[in-house]
2 protein chains.
Amino acid sequence: MIEMLINGSATTTLDARDRGLHYGDGLFETIAVRDGSPARWDAHMQRLALGCQRLAIPAIDASLLAGEAMRLCAGVERGVLKIIITRGGGGRGYRAPAMDAVRPTRIVALHSWPDYPDIFWTEGVSVRICATRLGHNPLLAGIKHLNRLEQVLARSEWDDPGVVEGLMLDQDGNVIEGTMTNLFIVRDGRLRTPDVSQCGVAGVMRGWILDAARGLGIACEIGAVTLEDIAFAEEVFLCNCLISVWPVREIEGKRFEVDGAVTRRIVSKLRYAAMSRQR
Amino acid sequence: MIEMLINGSATTTLDARDRGLHYGDGLFETIAVRDGSPARWDAHMQRLALGCQRLAIPAIDASLLAGEAMRLCAGVERGVLKIIITRGGGGRGYRAPAMDAVRPTRIVALHSWPDYPDIFWTEGVSVRICATRLGHNPLLAGIKHLNRLEQVLARSEWDDPGVVEGLMLDQDGNVIEGTMTNLFIVRDGRLRTPDVSQCGVAGVMRGWILDAARGLGIACEIGAVTLEDIAFAEEVFLCNCLISVWPVREIEGKRFEVDGAVTRRIVSKLRYAAMSRQR
C-alpha cells in the first residue's frame, strides 16, 4: 500500500530546502476517507484554493490532486488523507520566487483512522480552556496554513486522556476554537459559532453545519463567543471532518446537556447526509 | 564542498513526516560565516537554547552542532550558515511525542553570502512600511521559530529593488521590526528599540548593540516605538547578524541623517570588535 505521494512519486523524503519547512510557507487539508474515497472533497478543494489565493501560491490542479488522492484511498475503508501544499523550493530569505517561477510541492499522505472511543459521540467529551492564545492576523485567519505552533503549544498543555480537547481564546479573551476542532454553542435556542476573521480556522465541517442549520431553519449566528456565553450555553459541541460532531459534556467543571435538541437535529442531518452518499 | 548536514549526514533530503514541515514546529538561526568560522556562535546557541526551552524541545548538544558547523564552514571566507532544529518526526496531530521520546531533527546548511551593495552601509537604505502586521503571542515572541508566514507575506508586498527593507507593525500599530532586521531609532539623543515581548524576534545583533550602547554610555531603552517616534527620529538604523548595521536613509519619503553621531559610535564599536576578533 502506498502511504505518501510527493509530486506524484511514491516517496517519503522531501527536499530540505522546501519553504514549507523553512517558513511554514504552505497549506494543508485533513480529509476523512470512507470506503475508498475522500469525503467532502469539493469543500476541501475550495478552502485549499482560497488558501493558495491568500498566500499567492499558484492554484493547484485539482484533477491531478484528485487522481493522487484516489490512488492512495483505493481499498481503504476508513482512513485520514492529509494534503500539504507548499510554495516549493527557493533560496534563503523570506522573499518568495516570482509567481510564475513557483513550483509548489504537493504531498498527499494516508494515515490510519484515529480510534476515538464511541462514548465521545454518545456521552460527549470533557474539554479544558487552554492558556495558549491565538494571535490576531486577518491575512492568515480562516485558512489552514502550516504555521501551527500555537496549536502545538496549546495541545502540549495537558496529558490527561480524560480531557479530549482544549478551547483556545484569542488575545482579547474571546473563545475561538478547539486545538483541532471548531466550536458551536446553543444559547437561548440559537446556534452560535465564533467569528474566525481575525484568527482560527474556517473548518469544512463548520461550513457544512452553518449551511445545515440554515436548511433546518435553526437560528444561527457567527460572532463573538465569550467564556460567559459558554457558561450560560444550553448545549455545546465541537466539530471537524474526522469526528463530525462531538457533544461537549463538560468544560472545566461546568456541565452541558449532551443530547440537546439543536445538537440532535444537526447530528441527524449529518447521519442522513452520510446515508444519502452511501446509496 | 558539503552544503548541508541533516543529523550529521551529508544529504539534502528530509523525512516528509517531520513536524518542522507539518506545523513549523521548530527553530532556526542564521549565522554569518567569516574566515572559516561562524560568528557570534555563543549568542546564537543561547537564543537557540531559549527557543528549545520555550517550545519544550530537548536541548541540542551544542558541541555536536559546533562540530557540524565547523565542518561546513571550513575554508569558507564569507557565507551564511543556517541551522534548523525541529521536534523531529511524529504521528498526525498537534500533540507532540513525550519529551523523552522526541528525536529532534538537526539541519545545518551553508549558503552563499548575499551580495548587498556597499552603498547600503555608506549611504543608507530606503525602507517602506508593510501592510502585513505581526500578531501578538508572548509565548512565541523573541524566539526564532519556524512560523514565518507573516514575514513571507510582508516581504511579498514590494518588488522595487530600491526599497531594501519593510517595517512591520503589530496589531496595535506599534513598529516592531523589519522583515529580516531589528530596528533602532535615535530620538532626543537616546537610542530606542522596540519591545519584542509580544511579537518580533530578539535578534542576536540587537542584543549585541544593546550591550554595546551600555558600554559606550549611550542612553538606551527598550519600549514602544510608534510611527510618530520614527517621524521625529534623528537617526534610524537596522541590524542583523549578516548586515551588522545599515543606516536608514529614508522611510516612505521621510529622510534621516545617515552619518549620525549615535549610529557612528555603534558602527565604530562593531568595527573595533571585528578587528579584535581577527587579531
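**Entry 1: ground rules.** I worked on a predicted model, in which local features need pLDDT of at least 70, side-chain atom pairs count only at pLDDT 80 or more, and totals for chains, interfaces and linings use all residues. Residues are numbered from 1 along each chain as its sequence is written, while chains are lettered from A and ligands numbered from 1 in the order in which they are written.

**Entry 2: the two copies.** I looked up how chain A relates to chain B.

**Entry 3: the interface.** How many residues does each chain bring to the contact? Chain A gives 44 residues and chain B gives 44 residues. Residues are in contact if their C-beta atoms, placed from the backbone, lie within 7 Å. On the side of chain A that touches chain B, helix 5 of chain A supplies the largest share, 6 residues. Elements that each supply at least two residues there include strand 1 (4-6), strand 3 (13-15) and helix 5 (149-155) of chain A. I use helices (H or I, at least four residues) and strands (E, at least two) as DSSP runs, numbered from the N terminus. The residues of that side divide into 18 nonpolar, 16 polar and 10 charged. Here Ala, Val, Leu, Ile, Met, Phe, Trp, Tyr, Cys and Pro count as nonpolar, Asp, Glu, Lys and Arg as charged, and the others, Gly among them, as polar. I also noted that 100% of the interface residues of chain A are interface residues in chain B too, so the copies meet through the same surface.

**Entry 4: a pairing between chains.** Strand 3 of chain A pairs with strand 3 (residues 13-15) of chain B in the antiparallel sense, over 3 bridges. Strands pair if DSSP finds at least two bridges between them. The bridge partner of T13(A) is D15(B).

**Entry 5: the open sheet of chain A.** I traced 6 strands in the order 2-1-7-6-4-5, with antiparallel pairing. Strand 2 (9-10) and strand 5 (37-38) of chain A are the edge strands, each pairing on one side only. Helix 2 (residues 41-55) of chain A packs on the sheet, touching strand 4, strand 5 and strand 6 of chain A, and its direction makes about 175° with that of strand 4 of chain A. Axes are lines fitted to C-alpha atoms, for helices over the stretch in contact, and angles run from 0 to 180 degrees between N-to-C directions. Within the sheet, strand 6 and strand 7 of chain A are joined by 8 bridges, and I84(A) stands opposite I107(A).

**Entry 6: one residue.** Is E29(A) buried or exposed? E29(A) sits in strand 4 (residues 26-34) of chain A and counts as buried, with 24 C-beta neighbours inside 10 Å. The cut-offs are 20 or more other C-beta atoms within 10 Å for buried, 12 or fewer for exposed, and partly exposed in between, with C-beta atoms placed from the backbone. Not counting residues up to four places away in sequence, E29(A) touches H44(A), R47(A), L48(A), I83(A) and K144(A).

**Entry 7: a parallel pair.** Strand 12 (residues 190-194) and strand 13 (residues 220-223) of chain A pair in the parallel sense over 4 bridges. T193(A) has I222(A) as its bridge partner.

Technical notes. Two residues are in contact if their C-beta atoms, placed from the backbone, lie within 7 Å.
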